[in-house]
Amino acid sequence: MSAALDSLLDLLDLEQIERDIFRGTSRSAVVPRVFGGQVAAQALVAAGRTVPADRAAHSLHAYFLRAGDPGAPIVYSVDRIRDGRSFTTRRVVAVQHGQPIFHLSASFQTYEDGLEHQADMPSSPDPETLPTAAEMLPRYADRFSDPGMVDRLIEARAAVDLRYVDAPPFGTVGEAREPRSQVWFRTNGKLADDPLLHVCMATYVSDMTLLDSVLLAHGRGGWAVGDVVGASLDHAMWFHRPFRADEWLLYDQESPSASGGRGLGQARIYTADGRLAITVIQEGVVRVPRGPAAG
């Protein structure tokens with residue numbers, strides 16, 4: 001296991017300070033605020049720790065309310081909304097400096113047999129043939145005004161092996177493309193056989209690239225380039241089938257709409273053998289800044 005993955009696992013191992021109250025810390029991010037995927041994953045950890053082990057997470061719906069302060073702890077308060085015969089519902093509020101910064105509702109279900117069908121997995125190259133972040137990112141160093149940006153991006157993704165199928169938004173600045181993007185990902189090391197951990201890890205990664213397709217449609221490079229500003233607004237995930245986050249997963253993403261200073265991303269996550277594991281939808285603020293960066 002890599003040191004970066006070990007550090008991320010420590011981050012997800014929340015401190016329990018009361019029966020339904022947990023406390024987490026943060027790690028450095030590319031932008032000077034708490035990474036949204038971290039807050040979502042930690043909130044799901046908090047919810048899952050109040051649910052019987054035989055009930056797996058099947059959906060979450062979340063809103064990002066305020067930017068998180070990476071220098072302060074985050075307190076997660078869990079509300080036990082419902083414990084039914086098949087389903088369990090939890091609500092989690094993340095608080096910093098006395099104010100809520102994030103709200104999540106999650107549902108868990110006991111295993112059941114039922115009807116089965118799924119959308120087919122799209123074609124994609126073998127992830128082992130694609131460059132790693134450490135190999136790919138230095139190629140685009142001249143796209144960033146901050147000389148330390150490449151190192152920060154590599155550090156932020158060190159726990160996860162994330163590989164772009166095509167060039168990322170900052171690789172084709174000024175060139176509008178079809179609003180679709182694919183990445184393969186897996187953790188940089190094996191994980192324990194805890195289904196909640198794999199779901200939380202996928203939740204963490206799901207916030208990294210989902211709005212890329214919004215940027216591609218307009219030839220924008222993204223937050224690291226500085227030709228857009230924005231943040232996640234809400235995030236929803238449905239977990240359809242078991243998967244392991246330490247094995248290759250294909251994140252197939254697209255953007256059906258951008259308007260009103262907001263962009264929508266939707267995606268499907270498949271296992272390497274073609275099973276549809278997760279559906280994801282996210283809306284974010286995507287604004288073009290005034291001044292030279294907008295040109």
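The legends below describe close-up views of a predicted model.

**Figure 1. Overall fold of the predicted protein chain.** The protein chain contains 6 helices and 12 strands. Its radius of gyration is 19 Å, close to the 19 Å that the globule rule gives for 295 residues, so the protein chain is as compact as a globular protein of that length. Along the principal axes, the C-alpha atoms fill a box of roughly 55 × 45 × 40 Å. Of the 295 residues, 49% are buried. Among contacts between residues at least 6 apart in sequence, 72% join residues at least 24 apart. The protein chain has an accessible surface of about 13800 Å², and carbon and sulfur atoms account for 51% of that area.

**Figure 2. The largest pocket and its lining.** Rolling a probe the size of a water molecule over the atoms shows where empty space is left. The largest pocket holds about 1100 Å³ of space. Its lining consists of 36 residues, and those nearest the pocket centre are A56, A57, F239, H240 and P242. Two or more lining residues come from each of strand 3 (55-64), strand 6 (99-110), helix 5 (195-209) and strand 9 (229-239). By class, the lining of this pocket comprises 18 nonpolar, 9 polar and 9 charged residues.

**Figure 3. The largest cavity and its lining.** Searching the whole structure gives 1 cavity of 30 Å³ or more. The volume of the largest cavity is about 40 Å³. Its lining is made up of Y164, D166, A167, P168, P169, R177, R180, S181, Q182, D212 and L216. Strand 8 (180-187) and helix 6 (212-216) are the elements that each give two or more residues to this lining. Strand 8 supplies the largest share, 3 residues. The cavity lining divides into 5 nonpolar, 2 polar and 4 charged residues.

Figure 4. Beyond its neighbours within four places in sequence, F102 is in contact with V39, A40, A43, A62, Y63, F64, L65, V92, V93 and A94. A further reference point for this view is L233, which is 131 residues from F102 in sequence. The C-alpha atoms of F102 and L233 are 9.8 Å apart in space.

Figure 5. With a relative accessible area of 6%, S59 is buried. Residues up to four places away in sequence are left out of the contact list for this view. On that basis, S59 touches S105, A106, S107, M237, W238 and F239. One of these contacts, F239, is also among the residues nearest the centre of the largest pocket.

**Figure 6. H97 in the loop between strand 5 (87-96) and strand 6.** Most residues other than glycine have a negative phi. H97 is not a glycine, yet its phi is positive, near 50°. The relative accessible area of H97 is 61%, and the residue is exposed, because this value is over the 50% limit for that class.

Technical notes: Residues are numbered from 1 along each chain as its sequence is written. This is a predicted model: local features need pLDDT of at least 70, side-chain atom pairs count only at pLDDT 80 or more; totals for chains, interfaces and linings use all residues. Side-chain values use heavy atoms; hydrogens and water are left out. On a 1 Å grid over the protein atoms alone, a cavity is a set of points where a 1.4 Å probe fits but cannot get out, and a pocket is an open set with protein on both sides within 12 Å along at least five of seven lines; lining residues have an atom within 4 Å of a point. Grid points are joined across faces, edges and corners, and a volume is the space filled by probe spheres set on the points. Helices (H or I, at least four residues) and strands (E, at least two) are DSSP runs, numbered from the N terminus. Ala, Val, Leu, Ile, Met, Phe, Trp, Tyr, Cys and Pro count as nonpolar, Asp, Glu, Lys and Arg as charged, and the others, Gly among them, as polar. The radius of gyration is taken over C-alpha atoms; the globule rule is 2.2 Å times the number of residues to the power 0.38. Buried means under 20% relative accessible area, exposed over 50%, partly exposed in between (1.4 Å probe, protein chains only). Contact means heavy atoms within 4.5 Å. Accessible areas come from the Shrake-Rupley method with a 1.4 Å probe; for residues, only the protein chains shown count as cover.
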